[in-house]
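Subject: Structure handover

Hello,

Please find the structure below. My notes on it follow.

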Amino acid sequence: MPKITQPNLRPANPMFSSGPCAKRPGWSLAALEGAMVGRSHRAPQPKARLAEVIERSKAVLRMPEGWRLGIVPASDTGAVEMALWSLLGPRGVDVLAWESFSGEWANDITTQLKLPDVRLIKSAYGALPDLAQVSWDRDVVFVWNGTTSGVRVPGGDWIPDDRQGLAICDATSAAFAMDLPWDKLDVVTWSWQKVLGGEAAHGMLALSPRAVARLEGHTPAWPLPKVFRLTKDGKLIEGIFQGDTINTPSMLAVEDALDGLRWAERIGGLPALVARSEANLAAVAAWVDGQDQVAFLAERPETRSCTSICLRIVAPWFMALKPEGQAAAAKVLASLLEKEGVGLDAASYRDAPPGLRIWGGATVETSDIAALLPWVDWALGEVAAQFASAAA
């Protein structure tokens, strides 16, 4: 591969991390000036801010009437774990795993909860499991979008309306960037740090009426720590879904979450957020189609993520390397982008095939994606020259 001259244009914002993600365009610390710092989160005004996060989130996401939405500890991980520990048990469970985090949920269900009737439906990075294998007489746990593989489910048609089990969906890198079919889902989780670029440590847990009925009619066979408890005396703790958080939240993070939601409303709500993310994917897809060095990790176009855009290197010199050489070359590629200040945190996830992962969520400008890609071409030429002898 011939060496390429460095491009002149640089991304205005070189932050492409998949979490925490880029702040919204125009963000500054001034957005936090109204934060209720130094106040009890249980006082009326701070509690009203927490309730505002819930209500604005429901409105932007077009969540149906009857759903509950609460702010919970420990980011999306905490929200998912809370759902698994609180809801599973009455039925067998099908767990879909096709990347790192969905694999973690499968591990928790089988080795920590030790449920007796669990089916793991698995596929390798880049592919979806066979969705036809899922039994909806059972509870089903899955991610909507594989953050570490860049593979998403192509809509909700595979989920029946008359399902008997619960559809428990980790949507942390999908919410606000993809149009979730709420009628096909029962539990949905996400965190503030993804598509709207909020700060970490806070998760969101959304429950359908069917999920609430399960909570109120099921007592887990295992003890639940305080941070997981959603019911008391067989009834949902409604305060959790009105701004009474289980633990103490950061009021700075709350103000930042509100800023992201208000920005989303200003630009046109969910349709605008989805359009921005899809435009980022389209820019990468056009670039991939125009060269032969890089391909999507997602095998099927309809499963390509518009947020966690995962790429693999397919250049002959790279494919000729041994696995450890490929890992080293991909690491050098990402470090070159970082050294030049044009692409920060764009390396693939540590357990994923070596390559790049470019965040394309709604806070990322398509112009910054477009400016980054010629730098990837340049960096590939530099790495090819460095590793050519090892591939020979």
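Is helix α5 mostly covered or mostly uncovered? Helix α5 is mostly covered, with twelve of its 17 residues buried. Please keep in mind that this is a predicted model.

Helix α5

This helix covers residues 251-267. From the first C-alpha to the last, α5 reaches 25 Å, close to the 24 Å expected at 1.5 Å a residue. The buried residues of α5 are Met251, Ala253, Val254, Glu255, Asp256, Ala257, Leu258, Asp259, Gly260, Leu261, Trp263 and Ala264. They pack against three elements, namely α1 (44-61), β9 (202-207) and α6 (269-289). Just after the helix, Gly268 has a positive phi of about 125°.

Where α5 meets α6

The axes of these two helices come within 7 Å and cross at roughly 90°. An angle of 65 to 115 degrees counts as roughly perpendicular, so α5 is roughly perpendicular to α6. On the α5 side, the contact is made by Trp263, Ala264, Glu265 and Ile267. On the α6 side, Gly269, Ala272, Leu273 and Arg276 take part. By type, the residues of this contact are five nonpolar, one polar and two charged.

Helix α2

Helix α2 runs over residues 75-87. Its 13 residues should span 18 Å at 1.5 Å a residue, and the end C-alpha atoms are 18 Å apart, which agrees. Twelve of the 13 residues are buried, so α2 is largely enclosed by the rest of the structure. Among the buried residues of α2 are Asp76, Glu81, Leu84 and Trp85. Just after α2, Gly89 takes a positive phi of about 135°.

The nonpolar core

The largest nonpolar core holds 125 residues. Helix α9 (residues 366-391) gives the most to this core, with eleven residues. Which residues have the most contacts inside the core? They are Leu84, Phe142, Trp144, Phe176, Leu185, Trp190 and Trp317. Of these, Leu84 is also one of the buried residues of α2.

Phe176 is another residue on that list. Leaving aside residues up to four places away in sequence, Phe176 touches Ser57, Val60, Leu61, Trp190, Val195, Leu196, Leu261, Leu270, Leu273 and Val274.

Regards

Technical notes:
Residues numbered from 1 in each chain as written. Predicted model: local features only at pLDDT ≥ 70, side-chain atom pairs only at ≥ 80, totals over all residues. Heavy atoms only, no water. Core = buried A, V, L, I, M, F, W, Y, C linked by side-chain atoms within 4.5 Å. Buried < 20%, exposed > 50% of the residue type's maximum accessible area, 1.4 Å probe, protein only. Helix = DSSP H or I, 4+ residues; strand = E, 2+ residues; numbered from the N terminus. Contact = heavy atoms within 4.5 Å. Expected span 1.5 Å × (residues − 1). Axes fitted to C-alpha atoms, helices over the stretch in contact; angles between N-to-C directions. Parallel < 35°, antiparallel > 145°, perpendicular 65-115°, else oblique. Nonpolar A, V, L, I, M, F, W, Y, C, P; charged D, E, K, R; others polar.
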